[in-house]
Protein chains: 2
Amino acid sequence: MWTVPEETFNSEKQHHKETIFTIGNGYLSTRGAFEEGYPGDSRATFIHGVFDDVPLVFTELANAPDWLPIQVYLNGERFSLASGTVESFERQLDLRTGKLTRTIRWCSPTGDKATLRFERFASLHDEHLLCIRCRVTPEFDGDLEIRASLNGNMDNEGFNHWRWVEQGERDGAYYLHNRTRATGIDVVLAMRLIYTQAAASFEYWDAQNVPTLRVAFAAKDGETISIDKFVGIATSRDTEDPLRMATEHVLAVQSWDSAFEANQQAWEREWERCDIEIEGDEEAQLAIRFNMFQLLIAAPRHDNRVNIGAKTLSGFGYRGHSFWDTEIFMLPLFIYTAPEIARNLLDYRYQRLPGARQKAQGNGFEGAQFPWESADTGEEVTPTWVPHYADRTKLIRIWTGDIEIHISADVAYAAHLYWKVTGDEAWFVEKGAELIFDTAKFWASRAEWDQEFERYEFNDVIGPDEYHDHVDNNFYTNRMAKWNLQTALDVLKWLKEHAPVKADELIQRLELSPERLQTWQDVLTGIYLSVRSNGLIEQFEGYFQRRDVDLASLEPRDISAQVLFGIEGCNETQILKQPDVLMLQYLLRENFTDEQLRVNYDYYTPRTDHTFGSSLGPSIQAIMACEVGKPDDAYEHFIRAVRADLRDVRGNASDGIHGASAGGTWQAVVFGFGGLRVGSQGWSTHPRLPKHWKRLSFRFMHRGQLEVVEITNPVLSYKLQGQHRDRDEFRTRGLEV
Amino acid sequence: MWTVPEETFNSEKQHHKETIFTIGNGYLSTRGAFEEGYPGDSRATFIHGVFDDVPLVFTELANAPDWLPIQVYLNGERFSLASGTVESFERQLDLRTGKLTRTIRWCSPTGDKATLRFERFASLHDEHLLCIRCRVTPEFDGDLEIRASLNGNMDNEGFNHWRWVEQGERDGAYYLHNRTRATGIDVVLAMRLIYTQAAASFEYWDAQNVPTLRVAFAAKDGETISIDKFVGIATSRDTEDPLRMATEHVLAVQSWDSAFEANQQAWEREWERCDIEIEGDEEAQLAIRFNMFQLLIAAPRHDNRVNIGAKTLSGFGYRGHSFWDTEIFMLPLFIYTAPEIARNLLDYRYQRLPGARQKAQGNGFEGAQFPWESADTGEEVTPTWVPHYADRTKLIRIWTGDIEIHISADVAYAAHLYWKVTGDEAWFVEKGAELIFDTAKFWASRAEWDQEFERYEFNDVIGPDEYHDHVDNNFYTNRMAKWNLQTALDVLKWLKEHAPVKADELIQRLELSPERLQTWQDVLTGIYLSVRSNGLIEQFEGYFQRRDVDLASLEPRDISAQVLFGIEGCNETQILKQPDVLMLQYLLRENFTDEQLRVNYDYYTPRTDHTFGSSLGPSIQAIMACEVGKPDDAYEHFIRAVRADLRDVRGNASDGIHGASAGGTWQAVVFGFGGLRVGSQGWSTHPRLPKHWKRLSFRFMHRGQLEVVEITNPVLSYKLQGQHRDRDEFRTRGLEV
């Protein structure tokens, strides 16, 4: 169960399929558009960190010069799925090796037939190497022509970010050198063809911004002609001489086989540490691997200056900007299976502390207020206004960049989790602690003292549930702020003991005076948290007074509750976009009893727009269903999450992969069904598998060691692999330690 | 004095010069970018009516596929002014024939020298034909290579409007077929090369979206090699089969000489009816021709579905949208010298009455409210918000589309003027009268009755002087509304007499009931017009209470008063962007005595930001200076207007030609210095030439006859040519008749 298949081509679904068939290597990703093009295709390659300015929405990942183009001509007729007759079509993405394969039997308008096979991968072994193989088996004698190009004329839904710089040939590699308009980032692609059949002719067309290699062959019925197109790629973010780097990487290739072999080995190592096996549920098996694959190809392995966007590197949605989606949804996969990637992603936040401090200062606060949307500079890049979807003379004000403040605590939480799970003390002392202190400073300055009720409040915010904006005392926000302040005090205490020099430095630099620490203590003690005696939490102040709607009675729906009731109308109800309170209980699980979980689960679950609300919700909902002992409900939410992109359940997969949902599905399997808990002394599992799952196996790194968990169903036994056999005892105790 | 020269190339001024050296033929215009390109160039071709959607500003003229590209290689070194050594450079625009010529002696980085000469014109004889000649005289023996392309990868300051459709060869013409993204307009360019020297090789590079012809020659020292590139062009606005049309036009070319000869003859006919001769002032002579040329190349000769944008077809400024600039500033040139062009432009407004009616209705009014900015559909396309120039998170609200309502009267005024000057009764009955009635309906419904003062008011408007917005009872607006209502009543009376069937039809269709006509009469009588006893007009209610600033004391300035004081600050002063009241007195001259002119001239002139306010102001100011007997002052304003683009006096000529200013300069010469007045029975002149002008000659059509006016200075005599010698008497009386 490693192959995502497609058996027919449906042009109406082409943008969805382009997203599904995205390939990548953590340096870049390329959507699954066809080599030869198709009318209206949305072809795109996004390279990490290659942002450029754009009106209104500030900045976006620039759609890079296209490395895909290959045109095939049968007796002068250009191959295209939009002409002639498609006699058969098949496409497959091999998740195990990151290779996309497409096979078409095509009859040209004038009746010449051939079978064409395209294979492509972005090498995980050499991030600067991209490979396409094109094999054509003609069913005629005549002319066969293959043209391979680089195309610098790419745009982001109309906006062209590129200026042509130069192009030419160097040592047999044909290159194209472009530069982003505003940010001045250079990108060079260098192309080389390898083929063994004797060519009738070879030409280089030095056409402006589309350097093209044309190779003609004498076609013979039944004789396959094969061309391998290799492309080296480098940017001025990587080196001072990207032309040289791109050329070197493409010239270093020995053969398709050797390049693929190296790629395959790199992927083997990747899956070795993170694969999940599910027996008894083929759909879940394939889908969980697909979700992990999409995160793996977006994960920066060698660059700590970038983060993963909400739509990974797979589409134009959210323009490559990063949200809390990374820290809360995607990061756990990496913290637990690939700590060096998690560290890169956290380094990105650490390096952007100046931007976060500037944002806090600009709003009259102290410390670090992380931007809701973050790109290259670390400043806030949430658009303040976007065009109204129906009336082009109107604009809609987007408030998340102003008041969805919980992200600062989310970043701190992720830094703390990384430390706790990996035990990477050096990183935590050097960078993590500062992230936690500086966000704590922000929270203390952002808290408002209410004289009447004698409490600290956070008013006019947006919580994770974005159906309700401009609310006061969102429980998630308040409780995470409290966690952030308490953790900062705890960490400072620890740091003074374990790294006193660094502690002193930070106390000085961040002005962590005794008075400030006292303020932190006062604020965290006084933060308003509304919990009823039975444990029911009010999502925000006044939530229970909003109109209660029986969501179930509105089924079946094919639109979100927000569309159904309108933005304002929905705001007035208790309907949730995602389970805000449950999310908080998930993150701070140890602070709540099972009964408290159940009370809130029972209240909020029927009020949540699971089907068309946030794609972030279902996986968390699945975990909490497991926690309250409802594995069947859990499976329903889990399967919704894991299908999000494969089945395009929300109808917007064309914009790109739902990265948070993908990260959430890994958590749902491992922490939900698997019930993994990692504590300060070790880890344990609490399996609660869906009825039809026969076996679940997952892997994670625990303090530098690979652990392999095997769970059978019913849970008669589970086998544990790993180095630390001596911890077997508490593993089977099923208790957190 | 027909040649606009450039003697050195300065890359810092390249965008200004691209505007200056725009060529065109009324079907399209092409900025003066180099055939071979230059880093950062702003190359553009705009075709009338080829609009496409764009975010935020709604619609714009799409920068068309580029017909210019020619690359020259000397022994493999690509010619560019950005490399090697430019030994000499010269560029000339011949206003008499619309031909742009550039001659460069260049030494390549490796030391090969050649003289290159490029000539180009867009045929005025055949609007669908574009021609470039490239002549290279090498000073070496070796290889010379010339590549000619069509380039579909064009954008509007980043936004690419085009989707590639197809390309190929047909009957020896190499074509490129593209389509606008949203509006689906097809554009085809078809290219053909003619050269007589024997080529060493000829290749066609069928590169995606950049079809390229490559011709190699054996270069011989001193032997000139010449290639003519012809491009046929057509759109789906012209024909159902633009490919066929583009191909036919390019294949019809016999030779460069014959194509140029036909173009030259067309230009001769053009200048024959409108040329102005000024003796004693070489700068003014060249500049007035330049200003007229820029309007002539933007004037649609065979298309009545388009209008001229504020920046003509010469730049990205205002995105090809049309304003009152056409009717009040540019149209008189055409009404008086090329009535069929004026009729096309007025037809555009007539056809867009449905859009104007929709706008009125949407605002709760009756009749036709013309949009402040107009493009293809006739709906309002003024952007409502534009990004703040300094703070990218902010937007600026643009109010002109909402409340700069005077344009509806301006359109009516132009329709009436066209009729009065040309005597084209058929058009006026068929279309013009309806324009006047329907705008009158708008004004009557827009007027607000003030119970307290018992008067009709137009509140919350912007007048021509845009330094003051949201004002009440702008005199220009109120008085033009009154004119519109009175003229509607007069015209209806006339129509009943002269075209009773049409009158009945319009009375029915536009519901011109006796009650409505009575309302018109009531409103026009009651419209509030604030004039002091000495004739001084208050520009708008409360204007005289605004802060009075001594503008002269702030000289010299290099910024506008609005930048100096800020938008709000300037609004609070009496400083004007342009002479609002004088403009009104100019349009409705016969309603004011000379003394009333003088009083207002003396008051408003020192309060007007002549240097950095509106480019629309100086030419009108010049006319009014003539009217009040100040020809020296008049010349100062005139020369400022006529230099606007040639000398880039406002620093924004790179955005395109100031079309209104260009049209105003013609009016300043003819109505200001020449003092032409056309009345119902004939015409007269009242010359008041600048001291140093020795002779002024201008031409105009009067009721189908070409009139040539000759004025010497001092005005000892003036000679009149024309058919209607019997009207000589009143011509010399110097009185309006």
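These legends describe close-up views of a predicted model. Local features need pLDDT of at least 70 and side-chain atom pairs pLDDT 80 or more, while totals for chains, interfaces and linings use all residues. Residues are numbered from 1 along each chain as its sequence is written, chains are lettered from A in the order in which they are written, and side-chain values use heavy atoms, without hydrogens and water.

**View 1. The largest nonpolar core.** This core has 200 residues. A nonpolar core is a set of buried Ala, Val, Leu, Ile, Met, Phe, Trp, Tyr and Cys residues joined through side-chain atoms within 4.5 Å. Buried means under 20% relative accessible area, exposed over 50%, and partly exposed in between (1.4 Å probe, protein chains only). A:Val72, A:Phe334, A:Phe437 and A:Phe638 have the most contacts inside the core. Helix 11 (residues 475-498) of chain A gives the largest share, 12 residues. Helices (H or I, at least four residues) and strands (E, at least two) are DSSP runs, numbered from the N terminus.

**View 2. Surroundings of A:Phe437.** Residues up to four places away in sequence are not counted. A:Phe437 touches, among others, A:Ala488, A:Val491, A:Leu492 and A:Trp520. Contact means heavy atoms within 4.5 Å.

**View 3. B:Glu127, buried without a salt bridge.** B:Glu127 is buried and has no salt bridge. A salt bridge is a side-chain nitrogen of Lys or Arg within 4 Å of a carboxyl oxygen of Asp or Glu. The nearest side chain of opposite charge, B:Arg301, is 5.6 Å away; Lys and Arg count as positive, Asp and Glu as negative, and His and the chain ends are not counted. B:Glu127 sits in the loop between strand 10 (113-122) and strand 11 (129-138) of chain B. Its contacts beyond four places in sequence include B:Asn25, B:Tyr27, B:Ile233 and B:His302.

**View 4. The B:Arg509 and B:Glu434 salt bridge.** The closest N and O atoms are 2.8 Å apart. B:Arg509 lies in helix 12 (residues 500-509) and B:Glu434 in helix 10 (residues 425-446) of chain B, so the pair ties together parts 75 residues apart in sequence. B:Arg509 is partly exposed at 41%; B:Glu434 is buried at 2%.

**View 5. The B:Lys502 and B:Glu505 salt bridge.** The N to O distance is 3.1 Å. The two residues are 3 apart in helix 12 of chain B, about one helical turn. B:Lys502 is buried at 13% relative accessibility, and B:Glu505 is partly exposed at 30%.
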